[in-house]
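Here is a friendly briefing to read alongside the sequence and the model. Take a look at the structure first, and then we can walk through it topic by topic.

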Amino acid sequence: MKGKELKHHYIEGSYGGNQEWFTGPMMKLGGCGAETACECSIYFSNEFGKDLYPFDIKNLTVDDYKKFGAKMKPYLSPRMTGIDRLDIFIDGYLSYLHDVGEYGIEMREFSGDEPVSKAEEIIVSQIDKGYPIPMLMLNHRDKRFKDYDWHWFIVNGYTYDRKAPAPGPWPGAGCEASNSVSPTGDERFYIKTATYSEWDWFDLKEFWDTGFDRKGGLVLFDLK
């Protein structure tokens with residue numbers, strides 16, 4: 001198994017945060033954009049020494065995460081159609097970063113209309129740099145992915161293998177990243193997703209081809 005998986009924080013035993021912890025029915029239902037921004041903030045604070053988390057980064061708690069979600073809500077608040085464009089997320093999260101004095105993180109869009117081959121290359125590049133990737137999926141024709149419909153989440157790993165790793169700890173965590181070309185022709189490219197305090201692995205080709213004209217895409221970070 002060749003690939004790379006980023007470190008991810010635990011909050012009282014949960015793998016990252018969960019929008020269902022947030023206060024208020026709209027944040028529980030549509031707070032995935034805010035949750036994704038919270039997750040990125042904690043990651044960059046832990047792994048890059050950024051000061052983006054207003055509580056004790058060494059002692060992550062559910063109660064503090066709820067408060068953090070409330071702080072992020074004005075920047076990425078739920079709305080009738082959801083945060084359904086990449087630029088809405090970028091504008092909102094940049095506003096938060098600037099308000100806390102962080103100007104060294106830039107973001108750009110990578111459209112879901114791009115070919116899957118380019119998506120694979122950019123995911124490898126971002127993960128190899130140590131950057132998590134916010135991803136937006138709108139509708140998908142494959143009902144296996146129904147939990148990701150109209151949803152923001154994190155991509156924080158990739159691997160080449162003949163079959164997807166099972167959900168759970170990846171035995172290859174921390175290994176050296178492979179090249180962006182599959183080592184053998186019969187191996188597939190899988191991405192690791194993180195949302196709702198859980199993680200899973202999906203074949204990017206199946207995940208990327210939603211079958212709908214309107215697509216989401218990726219948000220790409222660049223740290224100065």
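**Strand pairing, core and charges**

Lys2 stands opposite Tyr160 in strand β6. This is a predicted model, in which local features need pLDDT of at least 70 and side-chain atom pairs count only at pLDDT 80 or more, while totals for chains, interfaces and linings use all residues. Residues are numbered from 1 along each chain as its sequence is written, and side-chain values use heavy atoms, with hydrogens and water left out.

- Strand β1 covers residues 2-5, where helices (H or I, at least four residues) and strands (E, at least two) are DSSP runs numbered from the N terminus.
- Four bridges join β1 to β6 (residues 151-161), and the two run antiparallel; strands pair if DSSP finds at least two bridges between them.
- Gly3 and Glu5 make up the covered face of β1, whereas Lys2 and Lys4 make up the uncovered one.
- In a regular strand the side chains alternate between the two faces of the sheet.

**The nonpolar core**

- The largest nonpolar core has 67 residues; such a core is a set of buried Ala, Val, Leu, Ile, Met, Phe, Trp, Tyr and Cys residues joined through side-chain atoms within 4.5 Å.
- Buried here means under 20% relative accessible area, exposed means over 50%, and partly exposed is in between (1.4 Å probe, protein chains only).
- Which members touch the most others? They are Tyr93 and Ile123.
- Helix α2 (residues 32-48) gives this core its largest share, eight residues.
- Leaving aside residues up to four places away in sequence, Tyr93 touches Ala37, Cys40, Ser41, Leu52, Met72, Leu76, Met107 and Phe221 (contact means heavy atoms within 4.5 Å).

**Cysteines**

- How many disulfides are there? The count is zero, a disulfide being a pair of cysteine sulfur atoms within 2.5 Å.
- For Cys32, the closest cysteine sulfur is in Cys38 at 12 Å, which is too far for a bond.
- Cys40 is in no disulfide either, and its nearest cysteine sulfur, that of Cys38, is 9.4 Å away.
- Cys32 is buried at 8% relative accessible area, and Cys40 is buried at 0%.

**Salt bridges**

- The structure holds 13 salt bridges, each being a side-chain nitrogen of Lys or Arg within 4 Å of a carboxyl oxygen of Asp or Glu.
- Lys67 pairs with Asp63, their closest N and O atoms being 3.3 Å apart. Both lie in helix α3 (residues 62-72), four residues apart, so about one helical turn separates them.
- Lys67 is partly exposed at 41% relative accessible area, and Asp63 is partly exposed at 44%.
- Asp84 pairs with Arg214, with the closest N and O atoms 3.0 Å apart. This pair links distant parts of the chain, 130 residues apart: Asp84 is in the loop between α3 and α4 (86-99), and Arg214 is in the loop between α6 (204-208) and β9 (217-223).
- Asp84 counts as buried at 10% relative accessibility, whereas Arg214 counts as partly exposed at 43%.
- Asp203 and Arg188 meet in a salt bridge at 3.4 Å, N to O. Asp203 lies in strand β8 (residues 198-203) and Arg188 in strand β7 (residues 188-195), so the bridge ties together parts that are 15 residues apart in sequence.
- Asp203 is buried at 8% relative accessibility, while Arg188 is partly exposed at 43%.
- A network of salt bridges links Asp142, Arg144, Arg188, Asp203 and Glu206.
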